[in-house]
Amino acid sequence: MTGVPASAAGGGATPVSGGNGSKQVPGGKLGAAAVNQASLWNIANILTMMRLVLVPAFVLLLLQDGGFDPAWRAWAWAAFAVAMITDVFDGHLARAYNLVTDFGKIADPIADKAIMGAALICLSALGDLPWWVTGVILFRELGITLMRFWVIRHGVIPASRGGKMKTLAQGVAVGMYVLALTGPLATLRFWVMAVAVALTVLTGLDYVRQAVVLRRQGLAAERAAESAR
């Protein structure tokens, strides 16, 4: 013991609960604020913010000169591709390096749906993609989001291989529609989109099934816990 008060040794220390018990963070509230700031401004969140910024940039590029200029659409495709790539990396980095934050949990799915929704709506408005395709995909994404809130207190349904394939198929198909393709490639993108729509519907139905089962199990566990009291 030195007999020196903690406040005199650097502004105090704030106990922080960790996995191995409590530890002291120098600087009190200032130290805690620094930790919170560092956890927010991490590489995963920066990539998510970049994806959000790319949404209006993508729309402006796609709709330049009436939306039918091949050069501008190529630039729009580049913005869309960057957004899709960052979507893969930000989630991986957040999980691999323990960079998961409340901001990331909220902003990441918003960014995903914003870039995909903007692309689908713009393509349908330009007459390149039928509105029913846009409606099916957006209805599924919105419905699954609401379903998550419905079962969140009972648990979380993990991402499935089918869901990952759906996301990949949607990204490839929409990217092909963003480009001004002609000939066989224009025909190919129709079939890629057909696969994407099929996966969208099938994985959506599977998610509903899992959500119903999870909720039933959760309610049964709650009833069993109440009866045991």
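At 56% relative accessibility, D65 counts as exposed, where exposed denotes over 50% relative accessible area, buried under 20% and partly exposed the range in between, computed with a 1.4 Å probe on protein chains only. The residue belongs to a predicted model, in which local features need pLDDT of at least 70 and side-chain atom pairs count only at pLDDT 80 or more, whereas totals for chains, interfaces and linings use all residues. Residues are numbered from 1 along each chain as its sequence is written, and side-chain values use heavy atoms, with hydrogens and water left out. D65 is placed in the loop between α2 and α3, and its phi is near 55°, a positive value in a residue other than glycine. Most residues other than glycine have a negative phi.

The protein contains seven helices and two strands, these being DSSP runs numbered from the N terminus, with helices (H or I) of at least four residues and strands (E) of at least two. Read along the sequence, the elements follow the pattern β-β-α-α-α-α-α-α-α. Of the 229 residues, 34% count as buried. The protein exposes about 14,000 Å², of which carbon and sulfur atoms supply 69%, the accessible areas coming from the Shrake-Rupley method with a 1.4 Å probe and, for residues, only the protein chains shown counting as cover. Among contacts with a separation of 6 or more, 67% are accounted for by residues 24 or more positions apart, a contact being defined by heavy atoms within 4.5 Å.

The axes of helix α3 (residues 70-96) and helix α6 (residues 161-178) come within 9 Å and cross at roughly 165°, the axes being lines fitted to C-alpha atoms, for helices over the stretch in contact, and the angles running from 0 to 180 degrees between N-to-C directions. That angle makes α3 roughly antiparallel to α6, given that angles over 145 degrees count as roughly antiparallel, under 35 as roughly parallel, 65 to 115 as roughly perpendicular and the rest as oblique. The crossing of α3 and α6 is right-handed, a term used if the near helix is turned clockwise from the far one by less than a right angle, with left-handed used if it is turned anticlockwise. In this contact, R73, A76, W77, F80 and M84 of α3 meet G171, V174, G175, Y177 and V178 of α6. These residues divide into seven nonpolar, two polar and one charged, where Ala, Val, Leu, Ile, Met, Phe, Trp, Tyr, Cys and Pro count as nonpolar, Asp, Glu, Lys and Arg as charged, and the others, Gly among them, as polar.

Helix α6 also packs against helix α7 (residues 184-228), their axes coming within 8 Å and crossing at roughly 150°. The two helices are therefore roughly antiparallel to each other, and their crossing is left-handed. The α6 side of the contact includes G162, M165, K166, A169, V172, A173 and M176, and the α7 side includes L185, L188, F190, V192, M193, A196 and L199. By class, the contact of α6 with α7 has 14 nonpolar, five polar and two charged residues.

A further contact of α7 involves α5, and here the axes come within 10 Å and cross at roughly 20°. Helices α5 and α7 are therefore roughly parallel to each other, with a left-handed crossing. Among the contributing residues are W132, V136, I137, R140, I144 and M147 of α5, together with M193, V197, T200, T203, G204, Y207 and V208 of α7. The contact of α5 with α7 comprises 16 nonpolar, three polar and three charged residues.

Individual residues of the helices were then considered. R140, found in helix α5, counts as buried at 13% relative accessibility. When residues up to four places away in sequence are not counted, R140 touches K166, T200, T203 and G204. R140 and L205 are 65 residues apart in sequence, and their C-alpha atoms are 9.1 Å apart in space. G135 likewise lies in helix α5 (residues 131-151), but counts as partly exposed at 36% relative accessibility. In helix α2 (residues 43-62), T48 is buried, with a relative accessible area of 2%, and touches D90, A107, D108 and A111, not counting residues up to four places away in sequence.
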